[in-house]
Every structure is written in C-alpha cells, then in structure tokens.
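Open the model in your viewer and keep the selection tool at hand. The tour below moves from one selection to the next.

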Amino acid sequence: MAESKQKKFIGRSVPRLEDRPLLTGRGRFAADVNFPGQWAMRVVRSPIAHGRLNGIDASVALAMPGVHAVWTFADVAHIPPIPFRLTGLKALEPYQQRVLASDTVRYVGEPVAVVFADNAYLAEDAAEIVELDIEPLAPVMNATDAPGPFDTMQSTEPDIIRKGYGDVDAAFKAADFVVTLELSVGRHSGVPLETRGAIGYYNEALDRLEMHGAAKVPHWNRDTMGRMLGRSRDNFQLFEGHVGGGFGIRGEIYPEDVIVCAAALHFRKPIKWIEDRREHLISANHSRQQTHRVRAAIDAEGRILAIDNEFFHDNGAYMRTHAATVPDLAAAMLPGPYRIPAYRATAHLRLTNKTPCGTYRAPGRYESTFVRERLLDAIAANVGIDKVEVRKRNLLSKSAMPYTLGLETLGTHIVYDSGDYGLLLDKALERAGWPKLQKDMAKRRANGEMVGAGVAMFVEKSGLGPFDDVRVEVKNDGNIELITGAASVGQGIETAMAQICAETLGVDYTSVNVIHGQTDRIGRGLGAFASRVTVMTGEATKRASTRLRTHVLKLAAELMQADAGELDIVDGEIVHIGGVPGPSMKLADLAKARPGELIAEDTFESTHMVYPYGVHVAAVRVDAETGGITIEKYVMAYDVGKAVNPMLVEGQIAGGLAQGIGGALFEEFLYDESGEPLSVTFADYLMPTAHEVPESSILITEDAPSPLNSLGLKGAGEGGTTPVGAVLASAIDDALQRPGAILTLPVTPQRLRAICKK
C-alpha cells in the first residue's frame with residue numbers, strides 16, 4: 001500500500017487554537033455571563049474560627065431597598081452535605097460540609113447566610129449588616145497535637161490511612177544506619193487569575209435548571225448537584241465558559257455553587273455570585289499542609305532497606321469533595337523512582353479550625369517528593385557519598401519495568417508502566433553541566449559566596465480512568481466537530497485534541513472545533529484533573545477519528561466507485577492513493593451527499609494510570625543577611641512518553657515551575673492562635689512574579705512511551721511543580737554547606753535568616 005500523504009500534526013508545536021478569543025478580548029468568563037432580571041448573591045461568612053452559632057438577625061438588611069431575601073440554614077436544611085468525588089472513606093462522611101452552617105461555625109470564612117439583592121453592591125452592603133450571634137469556642141490549630149473532639153460524637157482524627165508492603169520492622173533491625181527526619185510542607189493553594197463564580201438560571205419554558213461558570217468536572221457536578229437538588233440529568237445542565245486557571249482548586253462543588261442553583265430554582269430568578277479575592281483566599285480549598293516523621297533503614301553503602309513514613313495531614317474544618325485524596329496520594333507515591341524493599345505509611349487525617357482543603361497541582365506528590373528527596377540527601381550525608389550517587393544506587397532500573405509497587409491509590413494498583421530513570425538523570429545532569437557547575441560552585445564558595453546546587457527526581461501519575469467518550473462529526477461545511485466530556489482549565493486541550501483528530505482523519509487541525517464542558521452535548525464525561533485529558537481523551541479521540549475515517553472512506557468508495565483501500569483523506573479531500581487515477585471528493589461534498597451520516601463515537605477505558613517521570617536540577621545563591629534566595633539555574637527534564645504538542649508541554653512545565661517556587665519560597669496561609677487568617681490579600685500571601693521565576697531549561701524526552709495507549713501518551717500537567725520544593729531545599733542546603741538544614745517549606749526570608757543565625 002502506498003504511503004499516505006496526510007499531514008503530521010502529532011508531535012508538532014502548532015499554535016494554540018484557544019488563544020484568539022482570549023487575546024482579542026472576546027473571552028467569556030463567568031463574570032461575563034448575565035441574564036435579564038438577575039439578582040446578585042453575597043455570602044455572609046463567619047468571622048470566628050470556632051464557635052456556637054446562636055442566632056442570625058437579618059432584619060435590618062432585609063429592610064434595605066433592593067434586598068429580596070436572606071437565607072440561613074433553615075432555608076437550605078433540606079439540601080444534604082456536599083458528597084465526596086474521590087477517595088471517599090466511610091469514616092469521613094460525618095465531616096462533610098453543609099452549604100450553610102447550622103449550629104456551629106468551624107473556620108473563618110464559613111458561609112452562614114446569603115443575601116440576594118438587585119446588584120452586587122447592594123448585596124455586599126446588606127451582607128455586612130447581617131448580625132451574627134456566635135459564642136466563641138477554643139479552636140484546634142495544629143494537626144500534630146493530640147486529637148480532640150470535633151463534636152459530641154466525633155474526633156478531630158476521623159481516620160488513619162495505612163499502606164505498605166514488606167517487613168519494615170525486620171529491615172530496621174538489619175540496618176547499618178537509620179536516618180530520621182521531621183519535615184513539614186506549608187499550607188498554600190492555587191490562586192488563579194479568575195476567582196470562582198457561578199450563575200444559576202432556571203429556564204421555565206424547558207423546566208431546565210442551568211449553572212454557568214462550570215469548570216473541571218461539569219458532568220460529575222451536574223449529576224451530584226442534581227441529586228442534591230432533586231433534578232434529573234434531563235432538567236439540569238452545566239455550561240463551561242472560558243476559565244482563568246484551574247490548578248485543582250476550581251471546579252469542585254462548593255457551597256456557593258449549590259446555593260445559586262437552589263435559589264434560581266426557588267425564586268425563578270437568575271442568581272449570580274462572583275467571588276472576590278479575599279473570599280478566594282479564605283474560603284476556596286487550601287492544600288498541602290502536612291508534617292512527616294520519616295525514617296529510613298539503610299545499609300553501609302546507602303542503599304535503602306525500608307522507609308517508615310508517619311505523617312499528619314491538616315485538612316482544615318471539613319472534608320470536602322476530595323476527601324482523603326491528598327494524604328492517600330502522599331502515602332502511595334512516596335517511594336518514587338527508587339527500589340524500596342519494605343515500606344510503611346501511616347497517614348493521620350486531622351481536622352482543624354482552618355479553611356477546608358482539596359487538591360493543588362501535584363497533590364500528594366509535591367509533599368511526598370519533598371520528603372523522599374530530603375531523605376535521599378540525608379542518606380548521602382550520613383554515608384558520605386554524593387547526592388547524585390545515592391540516587392543512582394537506589395534507582396529502579398529500566399529492566400524492572402513494568403514495575404508493580406505493591407500499593408494502590410485512587411482505586412488503582414500502582415504499576416509503573418515504563419521508564420528509564422537512570423537515562424533521564426544522566427540527560428538532566430548533562431543539560432545542567434553538572435560537573436562544571438560543581439567546580440564553579442566550589443570556586444565561588446571559596447571566595448565567600450553562599451551558592452549551591454541540588455537535584456531531585458520524581459515519578460508522577462496521570463491518565464486516570466476509567467473512561468472517556470468522544471464524538472466526531474464532519475459538518476456540511478467540511479469542518480470537524482469534536483465533542484468530549486473533558487473540560488478545559490487553560491491547558492490547551494482544544495489544540496491537542498484537534499491535532500490528534502486531524503492527523504488521524506486527514507484534515508487540517510484548524511478545521512477541528514473541539515467542544516467541551518457542555519453537559520447537554522454529550523451524555524457523560526470525567527472532566528479535567530489528575531493530568532488525565534491528553535491520555536484518556538486523546539486516546540478516545542484517536543479511536544473515534546479512526547472509526548470516522550473508516551466510515552468516511554467506505555461511504556466515499558460507494559460514490560467514487562472505488563475500493564475503500566484505494567482512497568485516502570488528505571487536507572480534507574478524499575483522493576486516490578498510489579498514483580491511481582480517479583476523481584477526488586471534498587469531505588464537505590460527502591457530508592452534503594450523506595447528511596447526518598458522517599459521525600463516529602468511541603470510548604477509551606483504562607483501569608491503570610500511566611507514570612511520567614522527571615528530574616529537576618537547580619543552582620541557588622543565598623543572602624544570609626536578608627534571607628533572600630536567587631535561583632541562578634534551573635533545568636527540568638521530563639519524560640512524557642509522547643508529546644502531542646511540545647510547545648504546550650513546555651508551557652505546562654514552565655507554569656508548573658512558577659507554582660512550585662511559590663510553595664517552596666513564598667506562599668503560605670498563616671493563622672494566629674485564635675484561628676484568624678493572616679493571609680487575606682496579596683500583600684500577605686506572597687506569590688512569585690516574573691522577577692522571582694528564573695529562566696529555565698526544559699528537556700522533554702520520549703524515551704519510555706506508555707504501552708497502555710496507542711500513542712504512548714503520558715500526562716504533563718504536574719511535573720513542572722512536583723519536585724521544586726525538594727530541589728530548592730537541596731540546593732539551599734548545599735549553599736549553606738549544612739546538610740539537612742532545610743526541614744520546612746516555604747523557605748521564607750525569615751526562616752532562612754533564622755537558620756543562618758544558628
């Protein structure tokens with residue numbers, strides 16, 4: 001058979017299809033959605049971290065012109081608590097959050113009432129004069145303290161996650177050395193440019209309730225909120241617009257989402273709620289805060305015999321939709337790329353009187369990678385070998401793949417599908433010029449500079465199933481419509497899916513219109529999280545496009561009086577191949593000739609995730625007087641199996657680095673002893689800017705394609721973030737020439753100055 005002349009789009013850095021409306025100001029974000037006659041909603045939030053809610057007086061607010069109603073718990077008591085989406089352990093259910101507080105408030109920012117008014121200004125003014133009678137109770141602020149009462153029936157430790165394999169105790173008895181550390185990661189989270197927002201709208205003519213401003217998991221949210229509000233799939237739909245950043249925090253079901261929908265249904269009025277920045281910082285999901293007490297049993301050469309990992313996860317006031325996802329992933333993913341014969345994790349889930357938690361980019365892996373890589377550095381110092389050498393001695397080999405870890409998370413057994421970790425480490429060190437870097441650092445240190453270099457390795461996970469559906473259709477104008485249940489949070493899925501579809505089908509990628517996040521256009525979908533879309537939706541796109549191509553050629557063959565095997569689709573035109581003479585036909589003409597027939601659907605199902613992996617190398621300079629840290633060099637090597645669009649992958653990695661630096665050096669939600677949040681503006685909650693984020697070198701490799709999908713895809717959304725805290729800690733240690741100096745993230749100037757003074 002002659003070779004196809006189809007254009008290759010997979011693997012090319014073609015421009016993003018998403019950018020034109022965003023760059024020309026035609027983006028349509030939640031705040032841009034308006035309906036005639038809409039009301040604004042404002043949330044009255046608890047000013048106290050822990051207290052008994054004795055009463056709410058809204059009489060003055062209700063007397064204001066333009067104020068229509070004030071809801072308290074009594075108005076929403078029929079709505080059940082917000083259920084779990086992932087890792088929902090039975091023991092955690094009593095800790096789910098109601099949409100409004102009933103008799104107890106548990107964090108500053110908890111919704112206790114909502115005001116509905118003609119506009120947002122009136123609603124905010126009215127909300128400020130709603131009087132709350134709250135009797136303060138003692139707050140619980142430290143997850144490492146002994147558990148106390150959550151209420152009369154429950155403890156602040158709802159459950160303990162235990163995972164492990166091998167004989168850990170025997171390994172510690174046989175060890176030549178035991179290395180012990182206590183390590184903490186600070187509380188921080190995603191802070192997207194666009195805050196959250198939701199607009200509830202009841203279409204009376206269709207008896208259809210709608211929510212606009214959906215993101216991330218619109219189908220799951222539709223089904224779940226539908227059950228909470230007594231609506232079926234047919235009369236409740238969610239619509240995703242443009243989204244100004246996701247990062248795990250946006251798109252989960254929050255109290256406000258449920259209330260705007262309930263109010264739209266009750267009042268038969270469009271209800272609009274847009275979050276302000278202070279609300280975002282005190283009420284949207286926080287993440288990350290964990291303290292690990294970890295120890296490793298090692299032999300005389302620094303080879304790991306066992307790791308014992310006990311940690312305390314500060315989940316804040318309630319268990320939200322992610323339930324135990326973060327500690328579960330932290331427990332399961334800690335072994336990383338190393339051969340660890342025995343492992344034990346004991347994760348204490350603890351409730352405190354802080355903002356409830358969810359996931360943030362690389363959940364559980366940012367934390368566990370920091371712990372594991374700190375442990376590797378400590379082992380190297382203990383044995384007296386180089387930090388690179390200790391990693392090489394413990395790495396899993398290429399021949400070990402696929403490697404069954406002996407642990408499970410997110411309902412799947414962890415089986416590293418493919419990988420050559422040693423090869424990538426060598427490539428990363430070569431890209432960083434490691435030997436020369438070491439010499440330069442030594443020379444500068446001899447001249448009095450505090451400079452150092454670090455290295456960190458990690459295994460990520462992506463491609464979480466169990467399914468994704470895709471529907472592809474050739475429209476009458478020859479353009480392609482691709483409908484998926486995935487969602488976009490800015491990661492470029494429209495472009496990536498268009499590339500896969502275009503190359504498979506035989507059209508230009510700009511002719512593919514990808515529709516996502518619209519629950520009325522496709523029956524089911526799992527949205528965008530866990531770096532799953534390119535893997536799951538990408539493979540489903542490949543399958544649906546292949547099916548459509550076969551169907552198109554079959555129909556065309558009938559009209560063109562040819563064998564389907566003699567035909568090809570090139571640039572949207574059906575042609576004879578191999579120099580066989582004959583007429584051609586445009587896809588548009590075939591679509592017009594066979595209206596409504598050029599459609600194909602397919603599904604990709606998978607019970608196992610895929611596992612990309614990476615190496616980060618960093619060099620820093622420390623100013624002991626100011627506590628400032630300057631990142632002088634940063635190299636990121638990441639094996640993604642197959643990069644559909646390398647430019648998009650680089651963008652994901654570069655953006656992830658900025659967020660990783662935030663958690664490593666700047667961002668932290670702090671509270672005083674009474675539970676008052678101290679990080680409520682951008683003057684308090686410091687984020688890295690272009691000034692603090694260094695120019696980086698990104699090496700994308702495809703040495704280990706996944707055998708679990710036809711393109712070899714692995715996700716790329718989180719590897720830019722995962723090891724940043726670990727590698728910067730390693731580099732700062734080196735700069736200080738004090739192994740093990742950094743035990744806590746973020747390494748703020750105050751903390752670093754205190755370390756330098758010791």
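How much area is buried between domain 1 and domain 3? About 1,300 Å² is buried between the two, and carbon and sulfur atoms give 52% of it. Buried area is the accessible area (1.4 Å probe) that two parts lose on being put together, summed over both.

Before selecting anything, note that this is a predicted model, in which local features need pLDDT of at least 70 and side-chain atom pairs count only at pLDDT 80 or more, while totals for chains, interfaces and linings use all residues. Residues are numbered from 1 along each chain as its sequence is written, and side-chain values use heavy atoms, with hydrogens and water left out.

**Stop 1: the domains**

Colour domain 1 (33–139 + 195–243 + 250–283), domain 2 (290–407 + 414–462 + 609–757) and domain 3 (464–605) separately. These bounds come from an automatic or database domain assignment. The centres of domain 1 and domain 3, taken over C-alpha atoms, are 39 Å apart. In the contact between them (heavy atoms within 4.5 Å), domain 1 takes part with 15 residues and domain 3 with 17 residues.

Now select Lys216, His219 and Glu240: they supply 48% of the area that domain 1 buries against domain 3, more than any other three residues. Helix H6 (218–229) and strand S11 (236–240) each supply at least two residues of this side of domain 1. Helices (H or I, at least four residues) and strands (E, at least two) are DSSP runs, numbered from the N terminus.

**Stop 2: an open sheet**

Show strands S4, S2 and S6, which form an open antiparallel sheet in the order S4-S2-S6. Strand S4 (104–105) and strand S6 (131–136) are at the edges with a single partner strand each, so one side of each has no neighbour in the sheet. Two strands pair if DSSP finds at least two bridges between them. Strand S2 (residues 51–57) and S6 share six bridges, and Leu53 is opposite Ile134 in S6.

Next, pick Arg52 and Glu135, a salt bridge whose closest N and O atoms are 3.4 Å apart. Arg52 belongs to strand S2 and Glu135 to strand S6, so the pair ties together parts that are 83 residues apart in sequence.

**Stop 3: strand S12**

Select strand S12 (residues 271–274), which runs parallel to strand S1 (residues 39–45) and is joined to S1 by two bridges. Trp39 has Ile271 as its bridge partner in S12. Strand S9 (residues 197–203) pairs with S12 in the antiparallel sense over four bridges, with Ala198 opposite Trp273.

**Stop 4: backbone details**

Go to Met401 and Pro402, whose peptide bond is cis with omega near -10°. Pro402 is in the loop between helix H11 (387–394) and strand S16 (403–409). Finish at Arg288, which is not a glycine but has a positive phi of about 80°; Arg288 sits in the loop between helix H8 (277–283) and strand S13 (290–298).

Definitions and conventions
A salt bridge is a side-chain nitrogen of Lys or Arg within 4 Å of a carboxyl oxygen of Asp or Glu.
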